[in-house]
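Dear colleague,

Here is the structure I said I would pass on. Please look through it before you read my notes below.

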Amino acid sequence: MNDHALAQKLIRAVEAADSSERLLDAVEQLAAAGIEESVPTLIAALGYNNPGAAVAAVDGLIAIGEVAVQPLLQLIDDYNYGARAWALRALAGIGDFRALDTLLEAAKNDFSLSVRRAAARGLGTLRWHQVPPEQVESVQTQVLEALLLIAQDPEWVVRYAAVTSLETLAMVIAITSPEQVSHITEQFQQMIDTDADIGVRTRVRLAQQQIQQQQPQEVLLPNKNLKGAKVPYRGGGRR
């Protein structure tokens, strides 16, 4: 059976499913096939009010990859916030730069916390090699400004997602734009001092540690004449 015939068979099974269990099974099989032709049906499954089927559809769309991006952008459901959140999870998993504007808009302005959370996470998974070199600096600044704003979201899960993406961005720009990293570390310290949620504060501390662990390597590498010598790191370690 060729891909087209298999896709049609699996799509019909999704459309004919008459129970939650059968729908889940049908979507899982369709997603596992990884056929480009199945993308519209997998996107439709994001709005079926069946979380298991939605998870399977997201996994299938991520596995299919870049060819699913444009259909996702075109078919995002503006009326079903659940489907919209699942679609943004798929876009985040793929990490394609074409989703940038959609992610920025959703992360900053969507009324649904699940949508803002998914979009904030997606801003940390962008594939920077897809960005034209002459645009990288301006786009990174745009993403940074958005994430610093999202880190002040009233919902803790959105702030948490923003922290994970700020950590990732800090790793990306540490060499090229160290002054931008300072904005991230300042935001993190402010969150440590003021954020009401212990989970967010804990995640911020982890992000701080990850960023600090990168910095000593940059200090030590030039010191080639220090054979085996331990150079003390003057960062924020506890005494």
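Predicted model: local features only at pLDDT ≥ 70, side-chain atom pairs only at ≥ 80, totals over all residues.

Residues are numbered from 1 along each chain as its sequence is written, and side-chain values use heavy atoms, with hydrogens and water left out.

Overall: the protein has twelve helices and zero strands, where helices (H or I, at least four residues) and strands (E, at least two) are DSSP runs numbered from the N terminus. Of its 239 residues, 44% count as buried; buried means under 20% relative accessible area, exposed over 50%, and partly exposed in between (1.4 Å probe, protein chains only). Among contacts with a separation of 6 or more, 62% are between residues 24 or more positions apart, contact meaning heavy atoms within 4.5 Å. The protein exposes about 13200 Å², and carbon and sulfur atoms supply 51% of that area (Shrake-Rupley method, 1.4 Å probe; for residues, only the protein chains shown count as cover).

Helix pair: the axes of α7 (residues 100–109) and α8 (residues 113–122) come within 8 Å and cross at roughly 135°. That makes α7 oblique to α8. Here axes are lines fitted to C-alpha atoms, for helices over the stretch in contact, and angles run from 0 to 180 degrees between N-to-C directions. Angles under 35 degrees count as roughly parallel, over 145 as roughly antiparallel, 65 to 115 as roughly perpendicular, and the rest as oblique. L103, A106 and A107 of α7 meet V115, R116, A119, A120 and G122 of α8. These contact residues divide into six nonpolar, one polar and one charged (Ala, Val, Leu, Ile, Met, Phe, Trp, Tyr, Cys and Pro are nonpolar, Asp, Glu, Lys and Arg charged, and the others, Gly among them, polar).

The buried residues of α8 are V115, R116, A118, A119, A120 and G122. They pack against α6 (81–94), α7, α9 (136–150) and α10 (156–173).

Not counting residues up to four places away in sequence, Q187 touches L148, A151, Q152 and L166.

N49 lies in the loop between α3 (39–45) and α4 (51–64) and counts as exposed, at 76% relative accessibility. N49 has a positive phi of about 55° although it is not a glycine. Most residues other than glycine have a negative phi.

Regards
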